[in-house]
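Subject: A model for you to look at

Hello,

Here is the model I promised to pass on. Please open it first, and then read my notes below alongside it.

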Amino acid sequence: EQAKLVQAEKLSMAGQLAAGIAHEIRNPLTAIKGFVKMLRTNPKDEYFDIISNEIIRIEDIITELLMLTKHNRTEFQEIDVTQTIKQVVTLLEPQANLKNIVFETVYCDKKTRILGDENKLKQAYINFLKNAIEAMPNGGTIQIKTDCTEENMEIEFMDHGIGIPAEKLKNIGDPFYTTKENGTGLGFMVSRKIVEDHNGQLTIMSTEGKGTSIKILFPIVKGVPYEYVV
Ligand code: ADP
Ligand code: MG
């Protein structure tokens with residue numbers, strides 16, 4: 001009886017995702033179709049821009065969905081968590097600075113390793129940090145912290161942006177749930193899946209108008225001696 005219930009839930013989740021994908025891709029396709037038709041009689045630069053943006057939108061959706069497929073699964077390796085975070089920070093810092101956002105970083109002073117797929121983890125961190133950046137249209141600071149104990153590794157991304165209303169918190173990570181004009185509503189769902197695939201625990205805390213904190217807790221690799229960074 002229990003097993004049946006779980007199965008039914010899984011199917012409806014897949015169905016929900018399929019319906020979402022069909023809908024989210026048909027919208028830009030309809031727009032492209034319409035504007036291509038208009039181009040025949042009235043070749044305007046503006047139409048080319050719209051078509052180009054709609055194609056990018058489809059591309060974004062496909063790229064994020066591909067992260068969910070088994071195809072894309074690779075071997076887990078021992079990786080240094082803080083090192084990965086530092087790389088992501090370097091990657092996104094110019095983009096943040098352009099929006100008057102400063103990253104404040106506090107890193108754990110040990111090399112702590114977890115078992116993981118570094119590229120996928122990077123993708124997850126990038127998604128969380130992009131959401132943080134997009135939540136701060138007026139600039140400010142985003143805190144990035146890694147903290148380690150003998151057992152766990154905690155990563156925190158804290159922004160001081162628009163926050164999430166309490167009643168909306170449960171919708172974050174639903175496929176295609178977005179409050180942004182150009183959002184895909186897939187980033188959080190994909191990132192949460194990546195964290196779960198690494199046996200990580202994800203906690204999201206938010207206060208409307210104050211900001212949002214995303215915490216990720218990973219179990220560390222046992223038997224690997226701590227190496228102190230000097
Ligand atoms: P997208 O960024 O394309 O909208 P996501 O799945 O990444 O899709 O996020 C879904 C929604 O969750 C966002 O549209 C936003 O409303 C909310 N959200 C996620 N992270 C944050 C954050 N740090 N601050 C405020 N809202 C957030
Ligand atoms: Mg996002």
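A word on terms before the strands come up: two strands pair if DSSP finds at least two bridges between them. Helices (H or I, at least four residues) and strands (E, at least two) are DSSP runs, numbered from the N terminus. This is a predicted model, in which local features need pLDDT of at least 70 and side-chain atom pairs count only at pLDDT 80 or more, while totals for chains, interfaces and linings use all residues. Residues are numbered from 1 along each chain as its sequence is written, and chains are lettered from A and ligands numbered from 1 in the order in which they are written.

Confidence next. pLDDT is the predictor's confidence in each residue, from 0 to 100. Its mean over the protein chain is 88, with 88% of the residues at 70 or more. By element, mean pLDDT is highest in β2, at 98, and lowest in strand β9 (residues 227–228), at 42. Residues 225–230 stay under 50. Where pLDDT is low, the predicted coordinates should not be read in detail. For the complex, the predictor gives an ipTM of 0.99 and a pTM of 0.83.

The protein chain has 5 helices and 9 strands. Of its 230 residues, 23% are buried (20 or more other C-beta atoms within 10 Å of a residue's own; exposed means 12 or fewer, partly exposed in between, with C-beta atoms placed from the backbone).

Now the sheet. Five strands form an open sheet in the order β2-β5-β6-β8-β7, with mixed pairing. Its edges are β2 (101–106) and β7 (201–207), each of which pairs on one side only. Neighbouring strands are turned by 10 degrees against each other on average, direction ignored (axes are lines fitted to C-alpha atoms, for helices over the stretch in contact, and angles run from 0 to 180 degrees between N-to-C directions). Helix α4 packs on the sheet, touching β2, β5, β6 and β8, and its direction makes about 25 degrees with that of β6. Contact here means C-beta atoms, placed from the backbone, within 7 Å.

What does β6 pair with? On one side, 6 bridges join strand β5 (residues 140–148) to β6, and the two run antiparallel. They form a hairpin with 3 residues between them, and K145 stands opposite E156 in β6. β6 also pairs with strand β8 (residues 211–219), antiparallel over 8 bridges. There N152 stands opposite P219, and I155 has I216 as its bridge partner.

In a regular strand the side chains alternate between the two faces of the sheet.

Helix α5 is mostly covered, with 8 of its 11 residues buried. Those buried residues pack against α2 (45–66), α4, β7 and β8. Just after α5, N199 takes a positive phi of about 60 degrees.

Finally, the ligand. Ligand 1 is surrounded by 22 residues, the closest being N131, T178, G183, G187 and F188 (near means a C-beta atom, placed from the backbone, within 6 Å). Both α4 (118–134) and α5 (187–197) supply at least two residues of this shell. G187 and F188 are also among the buried residues of α5.

Happy reading!

Terms used:
Two residues are in contact if their C-beta atoms, placed from the backbone, lie within 7 Å.
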